[in-house]
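Please look over the sequence and the structure that follow, and keep both in view while reading the briefing below them.

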Amino acid sequence: MATRALPSITSLTEAQQRGWACVWCKAALGIGLGDDLGVQRARPATGAAFLWFPRQCPDRAACQVREGA
């Protein structure tokens with residue numbers, strides 16, 4: 001699980017929302033790669049609620065380096 005609060009869904013790309021890219025550094029995550037951060041439910045002020053599927057890089061040290069770049 002994430003050790004910090006997830007970013008706002010409005011700040012994420014579609015790939016990050018769908019778990020195709022790391023929620024922190026935006027690196028592409030292939031099938032079976034990355035750590036699942038659990039299904040999240042978004043409730044926008046207008047429109048229908050929906051689910052999103054954040055994942056993060058398995059190598060957190062490398063992720064932090066990419067995130068800082």
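Arg 18 is partly exposed, with a relative accessibility of 47%, where partly exposed lies between buried (under 20% relative accessible area) and exposed (over 50%), judged with a 1.4 Å probe and protein chains only. The model is predicted, so local features need pLDDT of at least 70 and side-chain atom pairs count only at pLDDT 80 or more, while totals for chains, interfaces and linings use all residues. Residues are numbered from 1 along each chain as its sequence is written, and side-chain values use heavy atoms, with hydrogens and water left out.

**The salt bridge**

- Arg 18 forms a salt bridge with Glu 14, and the closest N and O atoms of the pair are 2.7 Å apart; the term stands for a side-chain nitrogen of Lys or Arg within 4 Å of a carboxyl oxygen of Asp or Glu.
- Side chains of opposite charge can pair when their charged atoms come close.
- The structure holds one salt bridge, and Glu 14 is partly exposed, with a relative accessible area of 46%.

- Gln 16 belongs to helix H1, which covers residues 14–17; helices (H or I, at least four residues) and strands (E, at least two) are DSSP runs, numbered from the N terminus.
- Is Gln 16 buried or exposed? With a relative accessibility of 2%, Gln 16 counts as buried.
- The side chain of Gln 16 comes to 2.9 Å from the backbone nitrogen of Thr 13, a residue in the segment before H1 that is partly exposed at 36% relative accessibility.
- Beyond the residues up to four places away in sequence, Gln 16 touches several others, including Ala 21, Val 23, Lys 26 and Phe 53, where contact means heavy atoms within 4.5 Å.
- Thr 13 and Thr 46 are 33 residues apart in sequence, and their C-alpha atoms are 19 Å apart in space.

**The loop between H1 and S1**

- Lys 26 lies in the loop between H1 and S1 and is exposed, with a relative accessible area of 54%.
- The phi angle of Lys 26 is near 70°, a positive value in a residue other than glycine.
- Most residues other than glycine have a negative phi.
- Cys 22 also lies in the loop between H1 and S1, yet Cys 22 counts as buried, at 0% relative accessibility.
- Leaving aside neighbours within four places in sequence, the contacts of Cys 22 include Gln 16, Leu 29, Cys 57 and Cys 63.
- Gly 34 is found in the loop between H1 and S1 and is partly exposed, at 22% relative accessibility.
- Although Cys 22 and Gly 34 are 12 residues apart along the chain, their C-alpha atoms are separated by 7.6 Å.
- Gly 34 and Ala 5, by contrast, are 29 residues apart along the chain, with 17 Å between their C-alpha atoms.

**The nonpolar core**

- How many residues does the largest nonpolar core have? That core has 13 residues, and among those with the most contacts inside it are Cys 22, Val 23 and Trp 52; a nonpolar core is a set of buried Ala, Val, Leu, Ile, Met, Phe, Trp, Tyr and Cys residues joined through side-chain atoms within 4.5 Å.
- Trp 52 is placed in strand S3, residues 50–52, and is buried, with a relative accessible area of 6%.
- Not counting residues up to four places away in sequence, Trp 52 touches Val 23, Val 39 and Gln 40, among others.
- Val 23 in turn is in contact with residues including Leu 6, Leu 12, Gln 16 and Trp 52, again leaving aside neighbours within four places in sequence.
- Trp 52 and Gln 64 are 12 residues apart in sequence, and 22 Å separates their C-alpha atoms.

**The nonpolar surface patch**

- Val 39, Leu 51 and Phe 53 make a nonpolar surface patch of about 270 Å², and Val 39 is found in the loop between strand S1 (35–36) and strand S2 (40–42).
- Patches are made of residues with over 30% relative accessible area and no salt bridge, with like charges joined within 9 Å and nonpolar side chains (Val, Leu, Ile, Met, Phe, Trp, Tyr) within 5 Å.
- Accessible areas come from the Shrake-Rupley method with a 1.4 Å probe, and for residues only the protein chains shown count as cover.

Definitions and conventions: Polar contact = N/O pair within 3.5 Å; in protein donor to acceptor, adjacent residues only side chain to side chain.
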